[in-house]
Amino acid sequence: MMNGDMTLAERIESIKAGMVASLSVAIAFCGASLINRLILATRFEPLVGLQVSAVGVSFLLSGAIAAIAGVLFGITYRYVVRQDQNSHLKSGAVLAFGLVRGLAQIDVGVMTQGSLLPFVVLALESILLFAVARVVLDRAMSDGWVKPFKS
């Protein structure tokens with residue numbers, strides 16, 4: 001690639017990375033939401049706010065936002081890691097996306113409800129979502145389903 005021009009093949013690989021990450025994040029989001037709703041919210045009084053209906057608008061909107069963040073993470077992750085095996089770089093990408101999403105949730109939660117603990121749980125969930133996407137993307141790249149970005 002000369003002069004920063006991306007080929008069509010590179011764009012397609014980035015879209016594939018985004019779709020893989022989006023699907024991974026969406027599945028992890030559903031699993032984390034079930035754990036939040038069925039276990040944490042029922043057993044720990046301060047976390048009762050995590051009990052969101054599995055078919056409600058709030059759940060669907062949060063899931064859609066997580067999936068969109070997953071697309072952006074996948075595209076960015078593919079570009080950031082390239083063919084590098086630097087675990088700090090990979091973890092940094094996960095933390096950057098997870099903290100941005102999680103800290104925004106904490107900010108909104110504290111302003112609207114004043115209770116911090118449920119939103120700390122959601123912030124940790126955000127980091128977990130992108131960690132799952134990282135593992136799946138690393139596997140997809142090692143298996144050749146998604147090709148690493150060429151430097």
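A search of the whole structure finds six aromatic pairs. To count, ring centres of Phe, Tyr or Trp (its six-membered ring) must lie within 6.5 Å. Planes under 30 degrees apart are stacked, planes over 60 are edge-to-face, and the rest are tilted.

Two notes on the source. This is a predicted model, where local features need pLDDT of at least 70 and side-chain atom pairs pLDDT 80 or more, while totals for chains, interfaces and linings use all residues. Residues are numbered from 1 along each chain as its sequence is written, and side-chain values use heavy atoms, with hydrogens and water left out.

Back to the rings. Phe 73 pairs with Phe 97, and the pair is edge-to-face. The centres are 5.2 Å apart, with 85° between the planes. Phe 73 sits in helix α2 and Phe 97 in helix α3, 24 residues apart. A helix here is a DSSP run of H or I, at least four residues long; a strand is a run of E, at least two; both are numbered from the N terminus.

Phe 73 has 0% relative accessibility, so Phe 73 counts as buried. Phe 97 is partly exposed, because its relative accessible area is 23%. The cut-offs: buried is under 20%, exposed is over 50%, and partly exposed is in between, with a 1.4 Å probe and protein chains only.

Phe 73 has another partner. With Phe 130 it forms a tilted pair, 5.3 Å centre to centre and 45° between the planes. Phe 130 lies in helix α4, so this pair ties together parts that are 57 residues apart in sequence. Phe 130 is buried, like Phe 73.

What else does Phe 73 touch? Beyond four places in sequence, its contacts include Ala 21, Val 94, Ala 133 and Leu 137. Contact means heavy atoms within 4.5 Å.

The protein has four helices and zero strands. Its C-alpha trace spans about 55 × 25 × 20 Å along the principal axes. Of the 151 residues, 36% count as buried.

Next, the core. The largest nonpolar core holds 20 residues. Such a core is a set of buried Ala, Val, Leu, Ile, Met, Phe, Trp, Tyr and Cys residues, joined through side-chain atoms within 4.5 Å. Among the members that touch the most others are Val 25, Phe 73, Leu 129 and Phe 130. Helices α1, α2, α3 and α4 each supply at least two residues. In soluble globular proteins, nonpolar side chains tend to be buried together.

Take Leu 129, in helix α4. Leu 129 is buried, because its relative accessible area is 0%. Leaving aside neighbours within four places, Leu 129 is in contact with Val 25, Ala 28, Phe 29, Ala 66 and Arg 101.

Last, a helix pair. How do α1 and α4 meet? The axes of α1 (residues 8-43) and α4 (residues 117-142) come within 8 Å and cross at roughly 140°. Axes are lines fitted to C-alpha atoms over the stretch in contact, and angles run from 0 to 180 degrees between N-to-C directions. The residues making this contact include Val 25 and Phe 29 of α1, and Leu 129 and Phe 130 of α4. The contact residues divide into 17 nonpolar, two polar and one charged. Here Ala, Val, Leu, Ile, Met, Phe, Trp, Tyr, Cys and Pro count as nonpolar, Asp, Glu, Lys and Arg as charged, and the others, Gly among them, as polar.
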